[in-house]
Amino acid sequence: MGNGTALAIPLKRSKTVLRPDPSRVLLRRFDPGNEQRMRGIIDRIMAMPDPMVALLLEQVTADFSQRHLYLWLRFLNRFEQLRELMPANAIISEQRRLLIGSYFLSEYSLESAALFSPSMVEHPDQTGVPAGAARFIISLRATGEGHISSITFRSGIIHRDLRIEVDPAGSLLTEPRPIANTIYEGPLFQRKLWELGLESGFAGRVLARLGSRFSQTALRDALAAELENSDQSHGEAGDDQIRARSIWMLARSNYEVQFEPEQDLSERIIFPSTPSQRNGIEDARFVRFQQDNGEHVYFATFTAYDGRVIMPELLETSDFLRFRFISLNGPEAENKGMALFPRKVNGAYAMISRQDNENIFLMRSDNVHFWNERQLLLKPEFPWELVQIGNCGSPIETKAGWLVLSHGVGPMRQYCIGAFLLDLEEPSKVLGRLREPIMTPEPSEREGYVPNVVYSCGAMLHLGQLIIPYGLADLATGFASVALDDVLAAMS
């Protein structure tokens, strides 16, 4: 550590900048109104003569087939979702089914507003990488119309000379397909129910119908059976309906999705898909986590936003093709900015958090799903962070200790990036802290979606250099590098 005197830390900004691209569009479900209006649209399409149907379908296909994979399949799938709205006993040709489906889909420009909150991790495949270089994956928060945020990815290489090369982004964007019939572990599901305060006779009877492992279909059937039973045998049918909805919502918040292997990483989009995520998936903090057996898995904490309430949730993947969504439970699983350590510490999971919107806390748990305790680590102390402090991604393990990049908010709500160091064996012990930030917004970085902000959700250590991807005014994403030794030397 240094002698307590603030030192200027040499920081190098890369010329590589990722800017939002409004041409990157995702095909999304479109509901133009209530059922009555939707039936009216379908009736008008049904009244079209066959030649007009063929002509319109040809035009739509010509306009959009180069913009989306499996376009006709998407049209047919959307039609099937609307089948109950079709006129009774109608015989509908394939061309008309395709055209009906097209009227109830629309394009959504994922990045029309911003591309920021980057998180960088080592790519699971380092095959063919030049000596001294490393392949990486960077996740980004893409924000579009209505301020709805989703997760998008890029890949690239950090070269030996620290040059950042990002692979070109594809344009055929797709969402993953849900894994049919997600399997749940009975004791874990029960503990989640109890942590949420959903313990009841109804819940107990539902679980009694299920085994130690059960499918989503089995849970749905058990809920239906117990609701029918409560209607006949118990006097709390209305309350049981509410309990059943809560149990089903928990199940829907714990699910898996799968991308196809042929889809380029940059074309894999994780878009909000559950009630808790309705208005956005925000600020994913990815970490390459070493499991007890030495193998690695990637976790990401993120903020789910439904338009009123924010909730921390967890993603898990080993290959960035199959993703598992996990609800976080316990009294301390709240607010934004949770960041998981890259391995267990003294046999326990550990997490950096900020439950009170102001201070940084340390949490520990025997189970990554549950977080029941916290202890205060740091309070705002220096002028550039007096409003609040938080993390800028998961702790990075170094020989000197756990390095945590932080953000601080100061005058004029300016966001800067700093750092602090925790003891490797006892991370509640703070070994050092920067008095001055590593990075503040330069004049060219001040203007954007949210002015005067530099912010990161996770950096990567490479050849003794911290490679920091960072959001510029919550609009675009840049990269910077700084020597680890210089950061440590400046700490007091």
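Cysteine 392 is buried, with a relative accessible area of 2%, where buried means under 20% relative accessible area, exposed means over 50%, and partly exposed covers the range in between (1.4 Å probe, protein chains only). Cysteine 457, at 0% relative accessibility, counts as buried too. The closest cysteine sulfur to that of cysteine 392 belongs to cysteine 457, and at 7.2 Å it is too far for a bond. A disulfide is a covalent bond between the sulfur atoms of two cysteines, and here it is taken to be a pair of cysteine sulfur atoms within 2.5 Å. A search of the whole structure finds zero disulfides.

## How the model is read

This is a predicted model, in which local features need pLDDT of at least 70 and side-chain atom pairs count only at pLDDT 80 or more, while totals for chains, interfaces and linings use all residues. Residues are numbered from 1 along each chain as its sequence is written, and side-chain values use heavy atoms, with hydrogens and water left out.

## Strand S12 and its partner

Strand S12 spans residues 281-290 and is mostly covered, since eight of its 10 residues are buried; helices (H or I, at least four residues) and strands (E, at least two) are DSSP runs, numbered from the N terminus. S12 runs antiparallel to strand S13 (residues 296-305), and eight bridges join the two, where strands are said to pair if DSSP finds at least two bridges between them. Phenylalanine 286 stands opposite alanine 300 in S13. The hairpin of S12 and S13 has five residues between the strands, and in this hairpin glycine 294 takes a positive phi near 90°.

## Salt bridges

Side chains of opposite charge can pair when their charged atoms come close. The structure holds 29 salt bridges, each being a side-chain nitrogen of Lys or Arg within 4 Å of a carboxyl oxygen of Asp or Glu. One of them joins the side chains of glutamate 282 and arginine 141 (3.4 Å, N to O). Glutamate 282 lies in strand S12 and arginine 141 in strand S5 (residues 134-143), so this pair ties together parts that are 141 residues apart in sequence. Both glutamate 282 and arginine 141 are buried.

Another salt bridge brings together the side chains of glutamate 426 and arginine 364 (2.6 Å, N to O). Because glutamate 426 lies in the loop between strand S23 (415-422) and strand S24 (430-433), and arginine 364 in strand S18 (residues 360-365), the pair ties together parts that are 62 residues apart in sequence. Glutamate 426 counts as partly exposed at 30% relative accessibility, and arginine 364 is partly exposed with a relative accessible area of 23%. Arginine 29 forms a salt bridge with aspartate 31, their closest N and O atoms being 3.0 Å apart; arginine 29 is exposed, at 53%, whereas aspartate 31 is partly exposed, at 37%. Elsewhere, Arg205, Arg209, Glu226, Asp240 and Arg243 are linked in a network of salt bridges.

## Two helices that cross

Two packed helices are described by the angle between their axes and the distance between the axes. The axes of helix H1 (residues 35-46) and helix H4 (residues 94-103) come within 10 Å and cross at roughly 145°; the axes are lines fitted to C-alpha atoms, for helices over the stretch in contact, and angles run from 0 to 180 degrees between N-to-C directions. Ile42, Ile45 and Met46 in H1 meet Arg96, Leu99, Ile100 and Tyr103 in H4, with contact meaning heavy atoms within 4.5 Å.
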